Structures are given as C-alpha cells and as structure tokens.
Amino acid sequence: MNVFLMIVFLVLGFVLLVKGADFFVDGACDLSDRLKIPAYVVGLTVVAFGTSLPEAAVSITASLQHSNEIAIGNVIGSNMFNTLVVLGASALFSPIVVKSNLLKKDFPFCIIITVVMLILMLTMGGGQIALTRIDGIILLVIFAVFMIMSIAGAKKAAPMMAETVETKNVPLWKSILFIVVGAAGVILGGQLTVTGAKSLAEFAGLSEKVIALTVVAIGTSLPELVTSIVASRKDQNDIAVGNAIGSNIFNILFILGISATIGTITTDIKAVIDACALIGIVGLTYVFALAKKSINRVEGGIMILVYIAYTVYLLMR
C-alpha cells in the first residue's frame, strides 16, 4: 500500500466516523426518549456496544491469529484512550456533568473489573502472565451479570421517565435505522482509519506491542471519541460519559472474555505495568468526576496531557 492510499484511507475513515457518529447519537437519543430509557443506560449499552465493535473485531481476530500482544494491548490501550482522551476531549468542548448513578455504580465497577483483569493475568496461568480460557469464561459471566443489571435498572427507571420526559414524535423504525446506519459508518470508518494508520506506523518500524497500545488502540477508539464529542456538543452528557465507561466495561469483559475463551492469551510484565497504569488512570478520572460531579475543561486538559505523557513513555520503552 503506497503512502497516498494510506492517507486516502485515513481521510475517508475520519469522514465516515464523524457522519456515522452523528446519525448514531441522534438515533440513540430518539430511542432513549421513545422507550423511556435513561440516556446513560443507552450510552452504557447500545452506544458502547456499537462503538466497541472495532475493538472486538481487532482483538478477536488477533486472538484467532495468535497475535497476543495485539489482542490484549488493544484493549488496555483503548481503555486508556477512552478514559483520558474521549472524556478529556469531550470535557474540552463542554464541561461534563456526571450523573450520580455513574459515580455510585458504573465508575467503581469499571475500576473493579480492571483490577480483576490484572489479578486474572497474574494467576491461573501456570506460571505465565496470561489470560486463560477459564479467565475468559469468568469475564463473560461477569459481563452477563452486568447486562442483566443494566436492563433491570432501565426497566425500573422507565416509569419515572414516562412522567418527566416528553416523547419526541420519531418513529421507532427511524431511530433504529439511524443507529444501524450510524454504527455501520462508525465501524467502517474505524477499520479504514486503522488500516491507514497501522500501515503508516509500520513504515516507521514500530513493534507489534507499541502499535497495539497506540496506533491500533487509538484507531479502534476513534468511534468512541467522535461519538462522545458529538454527544457532548449536543448537550447529551449522559451518552458521552456512558459511552466511554460502557466501552471500557465491554472491552474488558466481553472482548477480552471472548478472546481468552478462544485461546489463552500470554503476555509479559510490560502488560502488567500497563494494566496497573490503567487502574491509576481510571482512578484519577473518577476522583475528578467525584469532586464536583463533573469533569471541567482544566481537568479534561490534564487528562489529555497524561495520555500524551504515557504514550511518550511507551515509545521510549
């Protein structure tokens, strides 16, 4: 692939990401209003699942091809990007108000499952640092419990929303069509962007591990970034935050769960360091959000700087 074609892939990918995210957010908001489901629940489930499909495609394919560094590095790197850049950039456009449900349940849960991932990497691997099939099944079981609880919470909140929210007169089929078309644009845009960016990175002679943690992770997280920024600009903070946190949960429980169930994912001490860094990153963001139940522009800028600093560390490492 020549350099011109790589650039074309990148530009076309960005265009599809932006327009796809626009349709996706509109469809998700309309669906939330029509079904009387809280926007943050839609962000945690429908939007998070849709924007996490590129990560799923990359990590599961990598697992099938025994490219372990890409399989696990993509998830850890994507979660770092989601937490620091997706939320940070969204806060730069408009300060993000974080709902109490996210602060009490979903943020702490995201930290807990990241710790669980680290513990599983360090145990039951027969002396290796690895995620085994048993680990994968454990993650998938936790994922199933999370989804059941999210759906139950949505049903519980629906009657209260019916009393307080005026439903938009948008046909259900149109909302679903917007979500499907938007998701298709986001996923295709993400794939084109990753293809172009990865090819450019390989020209620079970067290793598979660094490519997974940076280029591939950033590329597959672009749907989350664009979707959350678009949601933030439309004053849909619940979807912006729910999308980022929900994607982190999906990445660890669903994507790593399936990847490890397909075949044991072996790695090394560097992945442990990155997992510990991820725990600290999510913890820092939680502290920012907990202090004033929001993430302001200054904190968003700090989060982006932290991501840049860690990326420099990865390149030097």
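This report covers the nonpolar cores, an aromatic cluster and a surface patch of one predicted model.

Residues are numbered from 1 along each chain as its sequence is written, and side-chain values use heavy atoms, with hydrogens and water left out. Because the model is predicted, local features need pLDDT of at least 70 and side-chain atom pairs count only at pLDDT 80 or more, while totals for chains, interfaces and linings use all residues.

**Cores**

A nonpolar core is a set of buried Ala, Val, Leu, Ile, Met, Phe, Trp, Tyr and Cys residues joined through side-chain atoms within 4.5 Å. Buried means under 20% relative accessible area, exposed over 50%, and partly exposed in between (1.4 Å probe, protein chains only). The largest core has 61 residues, of which Leu87, Val98, Phe107 and Met121 touch the most other members. Elements giving two or more residues to this core include helix 4 (100-122), helix 5 (133-164) and helix 8 (237-262). Helix 3 gives the most, with twelve residues. Helices (H or I, at least four residues) are DSSP runs, numbered from the N terminus. A second, separate core of five residues includes Ala28, Ala231, Ile239 and Ala240.

Asn82 lies in helix 3 (residues 68-93) and counts as buried because its relative accessibility is 0%. Leaving aside residues up to four places away in sequence, Asn82 has contacts (heavy atoms within 4.5 Å) that include Glu55, Leu87, Ser221 and Asn251.

**Aromatic cluster**

The structure holds seven aromatic pairs. Rings of Phe, Tyr and Trp (its six-membered ring) pair if their centres lie within 6.5 Å; planes under 30 degrees apart count as stacked, over 60 as edge-to-face and the rest as tilted. Two of the pairs involve Phe143.

| Pair | Centre to centre | Angle between planes | Class |
|---|---|---|---|
| Phe143 and Phe250 | 5.1 Å | 75 degrees | edge-to-face |
| Phe143 and Phe254 | 5.2 Å | 40 degrees | tilted |

Ring pairs link Phe143, Phe250 and Phe254 into a cluster. Phe143 counts as buried because its relative accessibility is 12%, and Phe250 is buried as well.

**Surface patch**

Val3, Ile7, Val11, Val15 and Phe203 make a nonpolar surface patch of about 470 Å². Accessible areas come from the Shrake-Rupley method with a 1.4 Å probe; for residues, only the protein chains shown count as cover. Helix 1 (residues 3-35) gives the largest share of the patch, four residues. Val15, in helix 1, is partly exposed at 46% relative accessibility.

Methods
Patch = residues over 30% accessible without salt bridge, like charges linked within 9 Å, V, L, I, M, F, W, Y side chains within 5 Å. Salt bridge = Lys/Arg side-chain N within 4 Å of Asp/Glu carboxyl O.
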